[in-house]
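Please keep the sequence and the three-dimensional view at hand while reading.

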Amino acid sequence: MKPVPMMFAMLLLLAPTFAPAQAVAQAATSASAPRAGCAAANLRIVGPRTKDRPLPLMSGDGAHGFRPACSVPWSALSPRNEPLSVEACFRDSLLQLTNDSACGASKGKLWVSARWVLTSTDAASEGTKVVVCQQLETGAYAGTRELKPPCVPANATPAASAPAH
Amino acid sequence: MISGVSGDSAGQAPARRHGGRGPFIESLLLATVALAVLNFHPFGSAHLRRHFSQDLIYAWFGDAEWLHPRLPGSAGLRLAPPRAVVMLVDDAALALRGAAWPVPAAFHAQLLTELEVLRPRAVMLDFLLLDRPPSDDICALLAAADRLRSDRIPVYLAVTRQEDLSRLMNANCMDDAGKPLRADEVLIPVSVRRQADETDFVSRRYPFEEADFEQPDEAVGQGAEGGAPGLPSAAVRIYCDMAAQRDRCAADLERGALPQAGFELAWSPRGDPFNRRWSKAGCGGPPASLRAIVDRTMFPRETGCPPIATLFASALLSPAEDSALGANNEQLFDLVEGSTVFIGGNFRASGDLITTPMHTLLPGVYYHAVAFENLAIFGGKPKIREEFRRFPLGIYLYDWCVLWALAAIFVWREKWIGADAEAMHHGPLSPSLSARAWVAHLIARTPVALSLSLLVVASLFLAAYPVLQLWTLIAAIVTAVCIEVRVASRGELKERLRNVGLYLGALGLSLTVVAFAIWFGYRWLRLPPGDWVGYLSFSTVGFFVAHTAIVDFGRHVGSIRLTRTASGGVS
């Protein structure tokens, strides 16, 4: 972003050998761990990962760019703590909500960063490690002792999630 | 080699007659010559020597607590002073939000909004907004900065001139309550000008301020000396905004420094442990001293792991880029919450790269982050070189006092050795006369052509294969000791042991003086370690041995004075 003085231009010529900046970029790429993320079917957002702080929401789209819209608590998006449907996702980074009113009118459908929410994919992958949950005929959910709500069975479309008992 | 007391016999008399004054004057003369030689650099060569000396010190001991104190660890992030965290924006991060170089203002706005969740102590954007962004983007950026400001998280923006901030004005931006948003209210402009040493272009210094910054009209006349105040550098402004004595902080930092001076940056060779998650290079400290010498890594080496904890913006924006920051982002919160976040670019094409004593190329944002951490770890008392002091004479007077103490130890050692001309003539570590004679006879029995040829071949091999030099040195020492033990008389050996003991005693005392001088200068006079290697070279007394001609000259002058006094002349 700074002007390129002659010294830096010379350094650029020497760059391919031992440049930490280059190592930084390469290492960052290699450190990426691809996840199922947006590719998962029936992807839903099941809760926040923000220490109960407001979730930053974005407006816009990939073609025209994104901009911050507002920050709202999870309870504003899901008053009954229900999972939220994901309409679309953008490069495993942004998840589009069906909600288009949380930040007021004219913002369009809002996006939230995948960093700040727990998705059904995350919950399922964690759940398969240590806990099991299932929907009972009564409509309630049951899970093993380690289950942390909400329970989101991957093969069902729950009308509501409830804490495990 | 001329010995300190091997002057003519005429010179011995005045020294004895002066009693205690002789050693006093001799050590004073030696210290004065030493100071002159240490700082004699008509062509600027001393700067190079000091730079390299300083780099060497930091490369060897840069991870030592006494030289480079540590900030509280992750458990104490909320304690003052906060740690610095670098966030690097690269092409991968831009792509995650459908953006591309140059970084649009809307991307900065998103990043600030995401960072708000983590509650950093302060945020600095090391990006120059050289072109006026679209109004919507400006408003998004100002609104994001305003939200952070309402959370008591100041946002600092890099500028080079007043127009940089003016570009963000007049966009008719409003906050959610309909109140106008002004760039100069929600963003704090800071200077990002760099200082590099002219001789090798390495960034060892950090400016306090940009004195010739073009200020708005209303600021003119508010400077301490009648002129407009300079624009504080990023690290200085951020540090001072957190300081208890905020109003006096900048003045305290610059106390005793010349205008447009900078403070010295201590670069640690130890990478931050957080960077292990992505760094290919090891994030440990420098090698152990013995290993450094044997493995020939005693000189500063490239360090691939930056000394500041580094989070990639892509990791913040997408868990797919770094899924190991905790199920609930625990590591992310631990790292950023309460920290000072420096956001910079990692774009090769931008040219925003610096060379440090330990890094060939490093994104420029580290310059500000390391400067901020230096101010924090040294408690707002950064190191300032002699040449940037308002009163350099005082610093050189301190140097002279240290050298005088070292010279006095040397003179004391010479006196203790006594009047044994033979012992003093050859020094405690030189071969004795018997050993020299034995070696001379051995060489004399060898044909001249053969001995000379062997010498030439050995020299060529040592020059061509430096790895042989250390082993040759060790072999030479062992051989010399064996020869001494075999050929020297009992008396010579006894005398030799005594002289070696005196030498080691003087060396130990000198090193103690040097250690105290280094500690006092570093801790209380805020002197960088540029002269430390010079001090150490004096403590080995080799320098004084080489410059004792001034002592002989002084004695000669003294004898003339005595002669004139005795004959009724001037006393």
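Leaving aside residues up to four places away in sequence, B:L316 touches A:S113, A:R115, A:W116, B:M87, B:L111, B:E114, B:L115, B:L118, B:L311 and B:L332, where contact means heavy atoms within 4.5 Å. This is a predicted model, in which local features need pLDDT of at least 70, side-chain atom pairs count only at pLDDT 80 or more, and totals for chains, interfaces and linings use all residues; side-chain values use heavy atoms, with hydrogens and water left out. Residues are numbered from 1 along each chain as its sequence is written, while chains are lettered from A and ligands numbered from 1 in the order in which they are written.

B:L316 belongs to helix α12 of chain B; helices (H or I, at least four residues) and strands (E, at least two) are DSSP runs, numbered from the N terminus. B:L316 counts as buried because its relative accessibility is 0%; buried means under 20% relative accessible area, exposed over 50%, and partly exposed in between, with a 1.4 Å probe and protein chains only. From B:L316 to B:M87 the separation is 229 residues in sequence, but 9.1 Å in space, C-alpha to C-alpha.

In the loop between α12 (313-317) and α13 (330-336) of chain B lies B:D322. B:D322 is also buried, because its relative accessibility is 15%. With residues up to four places away in sequence not counted, B:D322 touches A:R115, B:R277 and B:A315.

Chain B as a whole contains 23 helices and 12 strands. Of its 571 residues, 49% are buried. Among contacts in chain B between residues at least 6 apart in sequence, 79% join residues at least 24 apart. The accessible surface of chain B is about 26500 Å², with 63% of it belonging to carbon and sulfur atoms; such areas come from the Shrake-Rupley method with a 1.4 Å probe, and for residues only the protein chains shown count as cover.

Within chain B, 6 strands form an open sheet with parallel pairing, in the order β4-β3-β2-β10-β1-β9; two strands pair if DSSP finds at least two bridges between them. The edges are held by β4 (188-191) and β9 (309-312) of chain B, each with a single partner strand, so one side of each has no neighbour in the sheet. On average, neighbouring strands of this sheet are turned by 30 degrees against each other, direction ignored; axes are lines fitted to C-alpha atoms, for helices over the stretch in contact, and angles run from 0 to 180 degrees between N-to-C directions. Strand β1 (residues 84-89) of chain B runs parallel to β9(B) and is joined to it by 4 bridges. Across this pairing, B:V86 stands opposite B:T310 in β9(B). Helix α14 (residues 365-377) of chain B packs on the sheet, touching β1, β2 (122-125), β9 and β10 (340-345) of chain B, and its direction makes about 175 degrees with that of β1(B).

Elsewhere in chain B, strand β11 (residues 353-356) includes B:T356. B:T356 counts as buried because its relative accessibility is 4%. The side chains of B:T356 and B:H359 are joined by a polar contact of 2.6 Å; a polar contact is a pair of N or O atoms within 3.5 Å, where within protein one must be able to donate a hydrogen and the other to accept it, and residues adjacent in sequence count only if both atoms are side-chain atoms.

How do two helices of chain B meet? The axes of α17 (residues 433-444) and α19 (residues 467-487) of chain B come within 9 Å and cross at roughly 105 degrees. α17(B) and α19(B) are therefore roughly perpendicular to each other, given that angles under 35 degrees count as roughly parallel, over 145 as roughly antiparallel, 65 to 115 as roughly perpendicular and the rest as oblique.

Chain A has 4 helices and 9 strands, and buried residues make up 42% of its 165 residues. Strand β1 (residues 44-48) of chain A is largely enclosed by the rest of the structure, because 4 of its 5 residues are buried. β1(A) pairs in the antiparallel sense with strand β4 (residues 84-90) of chain A over 2 bridges, and A:R44 has A:S85 as its bridge partner in β4(A). β1(A) also pairs in the antiparallel sense with strand β7 (residues 117-119) of chain A, over 3 bridges.
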